[in-house]
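Dear colleague,

I am passing on the structure we discussed, with some notes on what I found in it. Please look at it first and then read on.

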Amino acid sequence: MRTILIVDDETLVRLAIRSLADWASYGYDLRLEAGNGLQAMDILAREPVDLVVTDLKMPGMDGFGLMKAMGDAGFTIPVVVLSAYNDYESVRRAFKLGARDYIVKTEMRIESILGTFADALADAPEPPQARERPLQQEETLLALVRGETPKERPTLDELGWRAAAQLIVLLSPLEPPALDSGDAERHARVTQGIHGLLEQTLKSFEGAAYVQTAPEEYCLLLTFDTLDLGKQRTQVEALISRLQGAMHTYFNLRLAVGISASGVRFSGIAEQYREAQHDLREQLRQSAKKRAPAVKAVARGYSQAVTDALAFMQENYAEEITLKTISEHVCLSESYFSALFSREVKASFVDTLTSIRIQHAKVLLQTTHLKVYEVAAQVGFLSNEHFCRMFKKSTGTTPHAYKNASRSQP
């Protein structure tokens, strides 16, 4: 968990930042706050802090004074500054004092702030134990899933694992376009991004570790301090929901998930891994069966232009796609492409794109805890009202009712 100190003389700004997200689920602790630079220096003298986010204009000691005081005191903690819109002169001055990045107060969005925090902390040193533990965990977990005795025998305390119970979760991307494209560089970027996402997300789950066990398989060990299966399930479901939502948001990937039964002996992890693997493979088989009709539909003798257009819509449905955009993509005029598409597909370009978006929305409503308006945004609808109207027209029910019905199924 990374500790962030928020420094701003406006209580509402500090509250707004803390209220943007469940920061703990992303591995951040934002409980420390100060009203000016003097209060911040007092906190820095008493509390370990990984990142300082500070306003620039404050009474007593402003953000510039705070950065200078931190440097004079020998602090090497990275700093991100809060800026008013178009206050570029102050931002430039802050950069000269060592600020890593800035956040515009009027444009605070969770996605951009998470990226800013990650970039600012990328080169920040971690405690030695924090650097050594993931490697220890990975080597030990890999040996255990293989049914081998680890070369090193670290204690549970050294690994950060809990002793009451554990289970295995396996994750594998479904229909990963970036991984099947033949683009080695893009493949590497996505794989690296998945590792980063897993590392960041698992920081909020005490007693967790992961290792990549196959090219498209990630093995998570979740340990618990309770034997209560209900509590274990609640924690696991919350973690998987966060991972699925983040995978879809950042990589446009859906996940197949295999879960073992809970166990109480670390010597049984190899068996738990095989159990989760069986569950995962069954999900992958079922997914392949569901995808088969769609794959066949794309190959029903359509012209190359229509086939390319359908593939483009499937890969970019979350983006803004217009008739002009897709016509340019297939190198045809708008009028000719529209007529060609409607003649071959027996549906308009707009109706087909809407149908694709609704199918992806169903998956998110079934598998994540995203709110309806968040689902609408993630599948490409600019208006939540329009999304709800189109969803009901397509399915005969509202997104809320569909989501509740999915949750009630065993």
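Is Val52 buried or exposed? Val52 is buried, and its relative accessible area is 0%. Please keep in mind that this is a predicted model.

The surroundings of Val52 are as follows. The residue belongs to strand β3. Residues up to four places away in sequence aside, Val52 touches Leu5, Val7, Leu44, Leu66, Met70, Ile77, Pro78, Val79 and Val80. Between Val52 and Met67 there are 9.5 Å in space, C-alpha to C-alpha, with the two residues 15 apart in sequence.

Now the sheet. It is open and has five strands, in the order β2-β1-β3-β4-β5, with parallel pairing. The edges are taken by β2 (28–34) and β5 (101–104); each has a single partner strand, so one side of each lacks a neighbour in the sheet. On average, and with direction ignored, neighbouring strands are turned by 25 degrees against each other. Helix α4 (residues 88–96) packs on this sheet, where it touches β4 (79–83) and β5. The direction of α4 makes about 155 degrees with that of β5.

Strand β1 deserves a paragraph of its own. With β3 (residues 51–55), strand β1 (residues 2–7) pairs in the parallel sense over four bridges. With β2, strand β1 is joined by five bridges, and these two strands also run parallel. Val7 can be followed to both partners: it stands opposite Thr54 in β3, and its bridge partner in β2 is Ala34.

How many of the six residues of β1 are buried? Six of the six are, so the strand is largely enclosed by the rest of the structure. In a regular strand, side chains alternate between the two faces of the sheet. In β1 both faces are covered: Arg2, Ile4 and Ile6 are buried on one side, and Thr3, Leu5 and Val7 are buried on the other.

Thr3, which is found in β1, has a relative accessible area of 17% and counts as buried, because the cut-off is under 20%. Its contacts, apart from neighbours within four places in sequence, are Asp29, Leu32, Pro48, Val49, Asp50 and Leu51.

Helix α15 (residues 349–367) packs against helix α17 (residues 384–395) at an angle of about 95 degrees, and their axes are 10 Å apart. That angle makes α15 roughly perpendicular to α17, because 65 to 115 degrees is the range for this term. On the α15 side the contact consists of Thr354, Ile358, Ala361, Lys362 and Leu365. These meet Phe387, Met390, Phe391, Ser394 and Thr395 in α17. By type, the residues of this contact divide into six nonpolar, three polar and one charged.

Last, the cysteines. The structure holds zero disulfides.

If you open the model, I would start with Val52 in β3, go on to β1 and its pairing with β3, and then turn to the packing of α15 and α17.

Best regards

Notes
Residues are numbered from 1 along each chain as its sequence is written. This is a predicted model: local features need pLDDT of at least 70, side-chain atom pairs count only at pLDDT 80 or more; totals for chains, interfaces and linings use all residues. Side-chain values use heavy atoms; hydrogens and water are left out. Two strands pair if DSSP finds at least two bridges between them. Axes are lines fitted to C-alpha atoms, for helices over the stretch in contact, and angles run from 0 to 180 degrees between N-to-C directions. Contact means heavy atoms within 4.5 Å. Angles under 35 degrees count as roughly parallel, over 145 as roughly antiparallel, 65 to 115 as roughly perpendicular and the rest as oblique. Ala, Val, Leu, Ile, Met, Phe, Trp, Tyr, Cys and Pro count as nonpolar, Asp, Glu, Lys and Arg as charged, and the others, Gly among them, as polar. Buried means under 20% relative accessible area, exposed over 50%, partly exposed in between (1.4 Å probe, protein chains only). A disulfide is a pair of cysteine sulfur atoms within 2.5 Å.
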